Amino acid sequence: MNDKRLPAWLTILFCLVFQNIIAQPPDNGENDFLLALMRNKLPKFGYILDNPSKYRLQIIYTKIDRDEKNLPVLTTYYYRKRPNEFISPASMVKLPLSILTLERIKSMNVPGVDRYTRFSTDSNFRCQVATTKDPFAFDSIPTLSGSITEALVLSNNNAYNRLYEFLGQMEINRRMRELGYLHSQVLQRFSLCDTMENRHTNSFSFYDKKGTIIYWQVNRFNPETYPKPIKNMVVGKKYLDEHDRIVQRGMDFSRKNYLPLYQVDDILKRVIFPGLYPENKRFRVSPGDLDYIRRLLALRPAEAGINIIPVKKEYWETVTNYLFYGAEKETIIPENIRIFNIVGQSFGFLSDCAYYADFSNRIEFFLSATIYVNSNNTINDGIYEYKSIGLPFLKKLGEVICDYELRRQVKQRPNLSEMEKLFNP
């Protein structure tokens with residue numbers, strides 16, 4: 001029999017090369033394109049473009065052209081590609097953890113356990129919180145589906161904490177490295193837990209409809225330590241500690257979550273266009289699971305089937321759409337537009353990674369951006385220029401790219417029916 005498999009050494013070489021390609025953004029030398037576009041269309045924000053390092057500004061814009069078979073061809077442009085410049089990912093880590101949660105459910109292969117199965121958690125170590133109810137569920141029953149929905153649609157931190165605890169710190173970081181995200185780390189809940197407390201994760205109990213435990217996941221501890229993903233992870237000139245005392249030095253983020261912008265951009269592209277990646281670098285989820293994640297990324301809070309009635313004012317329609325809508329609270333997104341995105345906001349960093357689809361005008365593109373707005377260089381004091389600088393800049397940037405795409409000449413307009421069916425089956 002003729003064995004057509006690649007030699008082992010060539011297979012290893014291919015994997016290493018591919019990992020390097022997705023772990024480091026390519027240098028296309030195309031910064032001038034975005035800079036020229038912004039200089040022309042964003043004169044009001046010239047002070048940012050004149051001093052982009054102060055604002056740690058990074059932008060990734062990806063054109064999408066379709067061939068005659070409707071297959072996508074991506075062309076990516078970077079402004080200030082800075083893989084070694086720290087940004088706080090904040091809530092953007094909710095995207096990979098939501099997908100990894102679906103991967104883990106599938107790999108467990110436990111009869112009766114899926115994303116809709118009721119669970120509870122115990123408090124097995126200090127700083128842990130036992131979970132028996134979900135305030136955003138109409139029936140108060142916690143499920144992993146509910147946690148994923150609340151994490152992606154509402155950017156809810158408690159929901160993220162449940163996903164972090166279900167996966168465990170070791171599993172999260174092992175899988176991220178398998179996928180090629182070598183310069184990332186997910187080491188913390190969104191709470192005041194310290195480094196040791198975040199290594200410990202709660203036990204989980206899953207129940208059938210009669211309330212009988214059908215699966216119990218033991219509480220876990222991660223003994224592994226991780227090297228700093230980048231050299232300089234200190235931000236600011238001073239910070240407030242957990243007792244609100246001023247510390248006269250920058251804050252060290254080396255034991256906190258880190259996920260650079262280009263990696264979040266890449267994760268979103270794997271969700272939207274998995275076929276662009278080798279099979280062993282795709283997420284190990286079903287097509288239905290991917291559609292589930294895609295739909296959640298673009299749902300408005302009122303569409304998500306969760307109980308936001310008591311806190312409706314906190315979850316306006318565009319609450320997680322920094323690009324295109326900024327801080328606007330009264331805007332209604334047109335029905336022909338869906339924005340599949342994930343955002344982050346913390347310590348003066350504002351970030352948004354988005355895939356934009358206009359079903360009427362048949363345009364689509366990816367746009368990711370991050371900006372740091374902390375003029376007093378004090379971390380954790382809550383005094384940031386989100387509304388005065390960050391959100392207005394991101395909104396205008398999104399408008400500029402959207403206008404450019406509406407005018408851009410393409411050979412083949414995309415057929416977006418598969419994405420549109422997510423909302424109109």
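Two strands are counted as paired if DSSP finds at least two bridges between them. Strands (E, at least two residues) and helices (H or I, at least four) are DSSP runs, numbered from the N terminus. With that in hand, let us walk through this structure, starting with a sheet.

This is a predicted model, in which local features need pLDDT of at least 70 and side-chain atom pairs count only at pLDDT 80 or more, while totals for chains, interfaces and linings use all residues. Residues are numbered from 1 along each chain as its sequence is written, and side-chain values use heavy atoms, with hydrogens and water left out.

**The sheet**

Five strands make up an open sheet with antiparallel pairing, in the order β2-β1-β14-β13-β12. Because β2 (72–79) and β12 (337–346) stand at the edges with a single partner strand each, one side of each has no neighbour in the sheet. On average, neighbouring strands here are turned by 10° against each other, direction ignored; axes are lines fitted to C-alpha atoms, for helices over the stretch in contact, and angles run from 0 to 180 degrees between N-to-C directions.

Strands β12 and β13 are antiparallel and share 10 bridges. Ser346 has Phe349 of β13 as its bridge partner. These two strands form a hairpin with two residues between them, where Phe347 takes a positive phi near 55°.

The next step takes us from β13 (residues 349–358) to β14 (residues 363–372), an antiparallel pair joined by 10 bridges. Asp352 has Ala369 of β14 as its bridge partner, and Tyr355 stands opposite Phe366 in β14. This pair is a hairpin too, with four residues between the strands, and Arg362 in the turn has a positive phi of about 55°.

On to β1 (residues 58–66), which pairs with β14 in the antiparallel sense over six bridges. Here Tyr61 has Leu367 of β14 as its bridge partner.

How enclosed is β14? A residue is buried when under 20% of its relative accessible area remains, exposed when over 50%, and partly exposed in between (1.4 Å probe, protein chains only). Strand β14 is largely enclosed by the rest of the structure, because 10 of its 10 residues are buried. Both of its faces are covered: one side has buried residues including Phe365 and Leu367, and the other has buried residues including Phe366 and Tyr372. Strand β12 is mostly covered, with nine of its 10 residues buried.

| Helix pair | Axes | Angle |
|---|---|---|
| α4 (residues 94–108) and α9 (residues 261–272) | within 10 Å | roughly 40° |
| α5 (residues 144–153) and α10 (residues 287–298) | 8 Å apart | about 40° |

Angles under 35 degrees count as roughly parallel, over 145 as roughly antiparallel, 65 to 115 as roughly perpendicular and the rest as oblique. That makes α4 oblique to α9, and α5 and α10 are therefore oblique to each other. A crossing is left-handed if the near helix is turned anticlockwise from the far one by less than a right angle, and right-handed if clockwise.

The crossing of α4 and α9 is left-handed. Its contact (heavy atoms within 4.5 Å) involves Leu95, Pro96 and Ile99 of α4 with Ile267, Leu268 and Val271 of α9. By class, these are six nonpolar, no polar and no charged residues. Nonpolar covers Ala, Val, Leu, Ile, Met, Phe, Trp, Tyr, Cys and Pro; charged covers Asp, Glu, Lys and Arg; the others, Gly among them, are polar.

The crossing of α5 and α10 is right-handed. Among its contact residues are Ile148 and Leu152 of α5 and Tyr292 and Leu296 of α10. This contact has seven nonpolar, two polar and no charged residues.
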